[in-house]
Amino acid sequence: MNARYPFTAVVGMDDLRLALLLNAVSPAVGGVLVRGEKGTAKSTAVRALAELLPQVPVVAGCRFSCDPASPDPGCPDGPHDAAPAAERPARMVELPVGASEDRLVGALDFEKALAEGVKAFEPGLLAAAHRGILYVDEVNLLSDHLIDHLLDAAAMGSSHVEREGVSVRHAARFLLVGTMNPEEGELRPQLLDRFGLTVEVAASREPAQRVEVVRRRLAFEDDPAAFAARWAGEESALRARISAARERLPQVVLGDAALLQIAATCAAFEVDGMRADIVMARTATALAAWADRTEVDSEDVRQAALLALPHRRRRNPFDAPGLDEDKLDETLERFKGEEPQGDPDDEPEPDGPGDGGPDGGPGGGVPPQGEGPDAVPDGPADGPAPEAPGPDAPDAPAPDSPASAPAPAAQDTGAGSDAGSGAGSGSGERAAVAAAEPFRTKVLSVPGLGEGAAGRRSRARTEQGRTTGSVRPRGALTKLHLTATVRAAAPHQRARGRSGPGLVLRRDDLRQATREGREGNLVLFAVDASGSMAARRRMSAVKGAVLSLLLDAYQRRDKVGLVTFRGRDAEVALPPTSSVDAAAARLEQLPTGGRTPLSAGLLKAHDVLRIERLRDPSRRPLLVVVTDGRATGGGADPVALAARAARLHAAEGIASVVVDCETGPVRLGLARELARELGGTAVTLEELRAEAIAGLVRDVQAARPGHPGQTAHTTRRAA
């Protein structure tokens, strides 16, 4: 067996090591999510943790690791009334990102189930991880249907496998540990909340520490066994400390004062639900046990908040996790030494003796919170946040001013702003403006039936979804189509000599169910950042629309990319990625100004899609061009060049949508002409809002009959 890198040899990473050790002391804390850049020893530290965990007593021969002291009465290998006990090392089971559903939850032998009535069940990774660690590297890239199974198992402590009326249930309680690089996309909020603690890690910027990291790593790679032997003493001491802390844990007292601080902290940071309070209480108790104390103090509560709250404060995908430590210290100090109030239901009626005065509350004269001159307000005392600048603000143009007019020569026409910007891409550049408030958009989808990664945008053949038919299985059977299987086997029962209640099946009788669900797409944004788009209010609205589409892409599990064009050329502001918050950050910093090289933007988008098609041929693209349709740069006849570039997309069948940003009473309709050349759909900024098109569902087809390009479907939903 290959030696693992010792846990005690990890350099730095104090928060990461502490979070892992607290879960080793108290698995009820609920696991750890490790966020950080690549190459920061995230996986190394997690894999090393398993070597520190104590031996696990199990029922001998049980594939589901039942505890001899309290075996699972519903265990598929049970009953275990007189089974002998044994011990084995704690397991760390790794869930690969590309694992199948059957590999995770287990597989049923359908042939035996139908022919013999036997539940032949092969346990999956959830069963193997029971009473151990389930580790998911790159957890943010895990498929949605696997995440759903993880959520169910983590919530119920058991796994249920249902296949065509055959049901198997087994216990599945495990310590969930995940690592992720935020640059590759964020986690679904439901799974994020299932991790008890979260830790941000980054490589040290101290040269001495980096030198020590390299020195130890090279020594380990030269002779892993010798390196592990060198750290065996520290590993043994740490293992003993974990065991001692586990034994001390039931004796730790979580006093009312500490509990009040926990509740006040969660309320002050406005976290959703009550899971944060519970996790903080368990973490603070584990911290006290780890520090060889039997009572939780304020420092334990503070450290628990820093580990348990940052990932629970996100309100949208573009919020960075984090915690205001000054606010945390202020909250803890405010509630330090106070006792919680009694149950309001137990308070005496107002007309009872002693009521009505400041000393008449429960608990013998303790004034209720929220009364008196020193009362703590329920919310922040700073008043409402300042609103965005309105039309009358000094830095915003008035509605009737030239800066906001839709088509004056100096502002909103291709000849005015673009011509005055000069030939260079940098001249005429304007500072980036903030995006308007995002809104819920209509659904944009790729037509046809795809076979890409599971998502929520376009129709596709998937492992999950509604059953649409059956086929002969090409490999292992995963989704049995029961009716089709019985129909295939029924005509041969007499010839096969059937005599009992079960069917006489052959491999050729089995039928795989084909299912239709939704896939995620590659949504590539090509954003016009030229001078014709540079009016402050218009660019703010455009950024708000793109931000809204990015939020929609996050919810639908898409990959996104960003191409911008202005001046003389186009650039890839963000290559295709699953991180929509990275795209939002690039969009926020986008400057404007210069001419409109529309053809360059379309050609750059074509190059990006061509390369991405080689990398991931099953993921279908959706091109979203955000422009007013003007073309004033890129050659002697920029309009003809733009039309030629658009026809290149149409010839390859790339689904496309043009978001028409032209405003004002007089509109040239150039964006709609561009959409016709692309073989796609044009929508205005107003039409993009779901609220503006309630109750209507339609497919907008290409205006030019017989056009080879695909038209993106637009689904209009009720607000």
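Helices (H or I, at least four residues) and strands (E, at least two) are taken as DSSP runs and numbered from the N terminus. On that basis, the protein, which is a predicted model, has 23 helices and 22 strands. Of its 719 residues, 48% count as buried. Among contacts with a separation of 6 or more, 77% are accounted for by residues 24 or more positions apart.

The description may begin with helix packing. Two packed helices are described by the angle between their axes and the distance between the axes. Helix α1 spans residues 14–25 and helix α2 spans residues 42–49; their axes come within 11 Å and cross at roughly 25 degrees. Angles under 35 degrees count as roughly parallel, and α1 and α2 are therefore roughly parallel to each other. Their crossing is right-handed. On the α1 side, the residues that take part are Leu-16, Leu-20 and Ala-24, and these meet Ala-45, Val-46 and Leu-49 of α2. By class, this contact of α1 with α2 comprises six nonpolar residues, with no polar and no charged ones.

One residue of this contact can be followed in detail. Ala-45 belongs to helix α2. Buried means under 20% relative accessible area; Ala-45, with a relative accessible area of 0%, is therefore buried. When residues up to four places away in sequence are not counted, Ala-45 touches Phe-7, Val-10, Leu-16 and Leu-20. Leu-16 lies 29 residues from Ala-45 along the chain, and the C-alpha atoms of the two are separated by 8.1 Å.

Helix α1 also packs against helix α10, which covers residues 232–248. Here the angle is about 50 degrees and the axes are 9 Å apart, which makes α1 oblique to α10. The contact brings Leu-21, Ala-24 and Val-25 of α1 to Leu-238, Ile-242, Ala-245 and Arg-246 of α10. Its residues divide into six nonpolar, no polar and one charged.

The sheets may be taken next. Five strands form an open sheet in the order β4-β7-β10-β1-β11, and the pairing is parallel. At its edges stand β4 (92–94) and β11 (197–201), each of which pairs on one side only. From one strand to the next, the twist averages 20 degrees. Within this sheet, strand β7 (residues 133–137) and strand β10 (residues 175–180) are joined in the parallel sense by five bridges. Leu-134 has Leu-176 in β10 as its bridge partner.

Another open sheet consists of three strands in the order β13-β15-β14, with antiparallel pairing. Its edge strands are β13 (454–462) and β14 (466–471); each has a single partner strand, so one side of each is left without a neighbour in the sheet. Neighbouring strands here are turned by 30 degrees against each other on average, direction ignored.

The pairings of strand β15 (residues 512–519) complete the picture of this sheet. Six bridges join β15 to β13, and the two strands run antiparallel. In this region, Ser-458 stands opposite Glu-519 of β15. With β14, strand β15 pairs in the antiparallel sense over five bridges, and Gly-469 stands opposite Thr-514 of β15. Strand β15 is mostly covered, six of its eight residues being buried.

A final site lies further along the chain. Thr-564 is located in strand β17, which runs over residues 559–566. The limit for a buried residue is under 20% relative accessible area, and Thr-564, with a value of 5%, is therefore buried. Which residues are in contact with Thr-564, leaving aside its neighbours within four places in sequence? They are Val-527, Ala-570, Glu-571, Ala-573 and Leu-590.

How values were computed:
Residues numbered from 1 in each chain as written. Predicted model: local features only at pLDDT ≥ 70, side-chain atom pairs only at ≥ 80, totals over all residues. Heavy atoms only, no water. Pairing = 2+ DSSP bridges. Axes fitted to C-alpha atoms, helices over the stretch in contact; angles between N-to-C directions. Parallel < 35°, antiparallel > 145°, perpendicular 65-115°, else oblique. Left-handed = near helix turned anticlockwise from the far one by under 90°. Contact = heavy atoms within 4.5 Å. Nonpolar A, V, L, I, M, F, W, Y, C, P; charged D, E, K, R; others polar. Buried < 20%, exposed > 50% of the residue type's maximum accessible area, 1.4 Å probe, protein only.
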